[in-house]
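User: I'm new to this one and would like to know what lies behind the labels. Can you walk me through them?

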Amino acid sequence: MNKGFTVWFTGLSGAGKTTLAHLLDKKLKEWGRNVEILDSDTVRINLCQGLGFSKQDADISIQRIAFICKLLTRNGVAVISVTTSPYREARDKARREIGSFVEVYAKCPPEVCVERDITGLYQKAPKGDIGDFAGVSDPYEEPLNAEVVVETDKETVEESVNKIFQKLTELGYLSQTGPAEHVYSPEEEDKIKERLSRLGYI
Ligand SMILES: Nc1ncnc2c1ncn2[C@@H]1O[C@H](COP(=O)(O)OP(=O)(O)OP(=O)(O)O)[C@@H](O)[C@H]1O
Ligand SMILES: [Mg+2]
């Protein structure tokens with residue numbers, strides 16, 4: 001079985017977490033890995049339905065996501081968690097629970113995130129239309145020891161994803177040789193031959 005791991009993205013809204021997660025997903029699949037993405041955008045409407053953005057709710061959301069990440073990770077899945085997860089303590093708790101945990105800080109100056117404003121939330125935030133917004137009305141606690149820091153205002157998406165890939169390789173989560181071709185055991189070869197012969201191909 002492949003060694004499972006969780007890539008845990010954290011960073012401000014608009015920092016580029018979802019964008020990077022999708023390219024990482026594609027690359028990991030090319031590597032032959034089973035991948036699951038848990039993105040707060042989708043998780044919010046099922047696993048974390050009814051939970052808001054208060055610290056208490058955010059902590060519960062993170063706990064639930066971490067629990068699923070743990071289950072998948074221990075079954076060899078390459079898991080990508082995509083949340084702002086603004087609180088250091090909650091992230092560290094997820095790290096302890098999951099074990100094979102690769103924290104990726106999508107670092108981007110707040111003013112660049114505001115300019116990108118991909119969700120329109122930054123425009124609403126100062127008017128008080130939304131409460132509990134990390135980096136605006138609520139704190140965002142930067143990671144102190146993230147395995148990877150990607151600077152999304154300076155790097156291309158490809159450069160950032162390559163950095164993450166490099167770290168996963170260094171940590172022994174990916175084979176050094178690239179997407180491995182499946183090698184059949186002698187028993188598997190015999191079974192295949194038997195089936196092909198039964199079907200009249202050989
Ligand atoms: N190097 C980069 N890495 C990631 N995104 C980048 C980069 N350069 C520019 N971008 C752009 O920044 C935007 C980031 O949006 P994205 O939805 O990925 O952010 P997010 O961190 O998932 O935000 P949210 O927390 O609100 O979901 C996209 O429009 C993306 O194209
Ligand atoms: Mg996103």
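User: What makes Ser 85 count as buried?

Analyst: The cut-offs settle that one: buried takes 20 or more other C-beta atoms within 10 Å of a residue's own, exposed takes 12 or fewer, partly exposed is in between, and C-beta atoms are placed from the backbone. Ser 85 has 27 C-beta neighbours inside 10 Å, so the label is buried. Bear in mind that this is a predicted model, where local features need pLDDT of at least 70 and side-chain atom pairs count only at pLDDT 80 or more, while totals for chains, interfaces and linings use all residues. Residues are numbered from 1 along each chain as its sequence is written, and chains are lettered from A and ligands numbered from 1 in the order in which they are written.

User: Where does Ser 85 lie, and what is its phi?

Analyst: Ser 85 sits in the loop between S3 and helix H4 (88–98). Its phi is near 30°, a positive value in a residue other than glycine. Most residues other than glycine have a negative phi.

User: Why is strand S3 called largely enclosed?

Analyst: Strands here are DSSP runs of E with at least two residues, helices are runs of H or I with at least four, and both are numbered from the N terminus. Five of the five residues of S3 (residues 78–82) are buried, so the rest of the structure largely encloses this strand. Ala 78, Ile 80 and Val 82 point one way, Val 79 and Ser 81 the other way, and all are buried.

User: How do you know that S1 and S2 pair with S3?

Analyst: Pairing needs at least two bridges found by DSSP between two strands. S1 (residues 5–10) is joined to S3 by five bridges, running parallel, and S2 (residues 35–39) also has five bridges to S3, again parallel. In S3, Val 79 is the bridge partner of Thr 6, and Ile 80 is that of Ile 37.

User: What makes H8 hardly covered?

Analyst: Among its 13 residues, the count of buried ones is zero. Just after H8, Gly 200 takes a positive phi of about 85°.

User: Which helix gives the most to the shell around ligand 1?

Analyst: That's H1, with four residues.
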